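Biologist: I'd like a close look at one part of this protein, the charged pairs, with a bit of context from the rest. Here is what we're both looking at.

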Amino acid sequence: MPAGRNSEGTPTSRRTRVHVVSDVHGNTEALARAGGGADALICLGDLVLFLDYADHSRGIFPDLFGVENADRIVALRTARRFDEARDFGRALWAGLDRDAAIVSAVRKQYAELFAAFPTPTYATYGNVDIPGLWPEYARPGTTVLDGERVEIGGRVIGFVGGGLKTPMNTPYEIGDEEYAAKIEAIGSVDVLCTHIPPEVPELTYDTVARRFERGSRALLDAIRRTRPRYALFGHVHQPLVRRMRIGATECVNVGHFASTGRPWALEW
């Protein structure tokens with residue numbers, strides 16, 4: 001953004017504007033526009049669309065097995081009948097090379113999504129992403145961070161990607177101790193960016209999926225202890241509360257990008 005000028009025509013200090021997105025889930029068209037008017041784009045993961053819970057015709061799963069089977073597995077998962085959902089899924093995959101089929105579909109999505117990232121982009125992984133593939137697609141101008149921090153416009157921003165272990169067994173789920181170690185490595189920052197929310201019921205309950213997603217207790221403790229100005233996250237697409245204050249920290253769910261196509265803007 002251009003610097004302003006005071007009444008004497010002297011340039012004033014330049015402001016910084018950052019756009020933040022999470023849970024892109026295949027919305028390449030909106031992603032290509034997400035950095036417009038911003039100095040940088042931050043992406044908090046879940047680029048891949050495996051199965052759209054709002055539109056069961058979209059994603060890798062219905063492409064492979066059809067909408068009726070997608071309807072069925074969504075119904076089982078929503079009812080928390082995870083064992084039945086796993087058995088149903090195993091039956092569908094029988095005789096197929098599951099890993100090869102998924103990786104092939106993910107590669108296609110990543111090629112389009114990473115090409116849509118503006119420069120500069122700072123990104124971390126979501127729980128449905130495959131971190132091992134990112135180096136193949138992240139172009140110059142896209143910085144991938146996980147358990148790391150960076151300075152943007154004079155503010156220190158920390159990034160922690162992935163999710164915690166769940167019965168869903170998505171590709172990038174890690175144990176609580178490993179996740180806590182990444183949070184600890186970040187230390188004190190101005191803006192704390194994660195894929196999953198802190199462990200607060202209002203921030204972890206999805207009103208459409210009708211279940212609590214896993215939030216992080218270590219993240220909640222770090223927010224209370226280090227008091228960042230903002231804690232930004234996604235993962236829960238339709239939370240009870242999109243924004244709330246924890247002590248001095250403004251906690252904001254930015255995980256609505258797939259459906260709205262609108263980034264959340266932060267300016268200082």
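Biologist: Take Arg90: does it count as buried or exposed?

Modeller: Keep in mind that this is a predicted model. Arg90 counts as exposed, because its relative accessibility is 51% and the cut-off for that label is over 50%. Its salt-bridge partner is Asp87, with the closest N and O atoms 2.4 Å apart. Asp87 has a relative accessible area of 45%, so this residue is partly exposed. As for the spacing, the two sit three residues apart in helix 4 (residues 82-93), which means about one helical turn separates Arg90 from Asp87.

Another pair to look at is Glu84 and Arg81, a salt bridge whose closest N and O atoms are 2.8 Å apart. Here Glu84 comes out at 37% relative accessibility, so it counts as partly exposed. Arg81 gets that label too, with 35%.

Now jump to Glu250 and Arg243, whose side chains meet in a salt bridge at 2.7 Å, N to O. Glu250 is buried, because its relative accessible area is 14% and the limit is under 20%. Arg243, on the other hand, is partly exposed at 42%. There's also a network in which salt bridges with shared partners join Arg15, Arg17 and Glu267. If you search the whole structure, you get 16 salt bridges.

For context, let's turn to the nonpolar side of things. The largest nonpolar core has 55 residues, and the members that touch the most others are Val21, Val24, Leu31, Leu47 and Tyr110. Helix 5 (residues 98-116) gives the most to this core, namely six residues. Pick Leu31 if you want to follow the contacts: leaving out residues up to four places away in sequence, Leu31 touches Val21, Val24, Leu41, Leu113, Ala116, Phe117 and Phe257. Apart from that core lies another one, of 19 residues, including Ala40, Leu44, Val150 and Phe159.

And how far does the predictor trust all this? The average pLDDT for the protein is 93, and 95% of the residues score at least 70. Residues 1-7 are another story, with pLDDT below 50. In the model, that stretch has 15 contacts beyond near neighbours in sequence.

Terms used: Residues numbered from 1 in each chain as written. Predicted model: local features only at pLDDT ≥ 70, side-chain atom pairs only at ≥ 80, totals over all residues. Heavy atoms only, no water. Core = buried A, V, L, I, M, F, W, Y, C linked by side-chain atoms within 4.5 Å. Buried < 20%, exposed > 50% of the residue type's maximum accessible area, 1.4 Å probe, protein only. Helix = DSSP H or I, 4+ residues; strand = E, 2+ residues; numbered from the N terminus. Contact = heavy atoms within 4.5 Å. pLDDT = per-residue confidence, 0-100. Salt bridge = Lys/Arg side-chain N within 4 Å of Asp/Glu carboxyl O.
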